[in-house]
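Please look over the sequence and the structure shown here before reading on. The report that follows takes up a few places in turn.

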Amino acid sequence: MALSFASLATRPRSTTLPDDEPVIPRTVRWAAHGAALSLVPSGLWRCAVAVGVPSGFAEGTPLHQSNFPGWTSLYLLALSAFAECLGLLTLGLIRPWGERVPRWVPLLGGRRIPVLAAVVPAALGAAAVTAITVMAACGGWQRSMSAADAPKGVSAWVMTACYAPLLAWGPLLGLVTLAYYRRRRASRP
């Protein structure tokens, strides 16, 4: 019996999940992945600057291309990696490892994660990121970009386009956090 791509696409997927796999609505899964992906453009911009791609900042500023590669490169790369790791933690709110510590973790493996141990930092992070990005969107970004040493023209547009998706990070994280809290509270014995 030969299978084609069309038959695979139309076959119904199994609705049974492993015992440890939480049932997550599609919108919540999309929101979790969107939150993690919203950090990628700004991280890529920082990585490009870190390797010496011209960013449009004036000479004498820390982000001018003459400073790269250098010690500031390490800072930008570390900041990008740290931010993306924080974003990827959102996926823990929709995956089994966000409800139970994986067995391979020494001392804690297999233990259930207390609901508030995940919800409190995620909710505080969502609130903080939302506040920061809203303040930037309501004038802070414009003030920074109008400075004499800030990028102008295409460089300013590229930087703005790379940082704009961060506006979605806080609200998406908040949505996923609320769904996680409701799901975990409903499944308590």
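## A nonpolar patch

L178 is found in helix 7, where helices are DSSP runs of H or I with at least four residues, numbered from the N terminus. The model is a predicted one, in which local features need pLDDT of at least 70 and side-chain atom pairs count only at pLDDT 80 or more, while totals for chains, interfaces and linings use all residues. Residues are numbered from 1 along each chain as its sequence is written, and side-chain values use heavy atoms, with hydrogens and water left out.

With a relative accessible area of 41%, L178 is partly exposed (buried means under 20%, exposed over 50%, partly exposed in between, with a 1.4 Å probe and protein chains only). Together with L116, V120, L124 and Y181, L178 makes a nonpolar surface patch of about 450 Å². Helix 5 (115-145) and helix 7 are the elements that give two or more residues to this patch, and helix 5 gives the most, with 3 residues.

The buried residues of helix 2 are V28, A31, A32, A35 and A36. They lie on the same side of helix 2, because they cover an arc of only 135° around the axis, the arc being that of the directions from the helix axis to the C-beta atoms. The face turned away from this buried side carries the exposed residues R26, T27, W30 and L37.

## F57 in its loop

F57 has its place in the loop between helix 3 (40-50) and helix 4 (71-89), and is buried, with a relative accessible area of 16%. Although F57 and K152 are 95 residues apart along the chain, their C-alpha atoms are separated by 8.2 Å.

Key: Patches are made of residues with over 30% relative accessible area and no salt bridge: like charges are joined within 9 Å, nonpolar side chains (Val, Leu, Ile, Met, Phe, Trp, Tyr) within 5 Å. Accessible areas come from the Shrake-Rupley method with a 1.4 Å probe; for residues, only the protein chains shown count as cover. A salt bridge is a side-chain nitrogen of Lys or Arg within 4 Å of a carboxyl oxygen of Asp or Glu.
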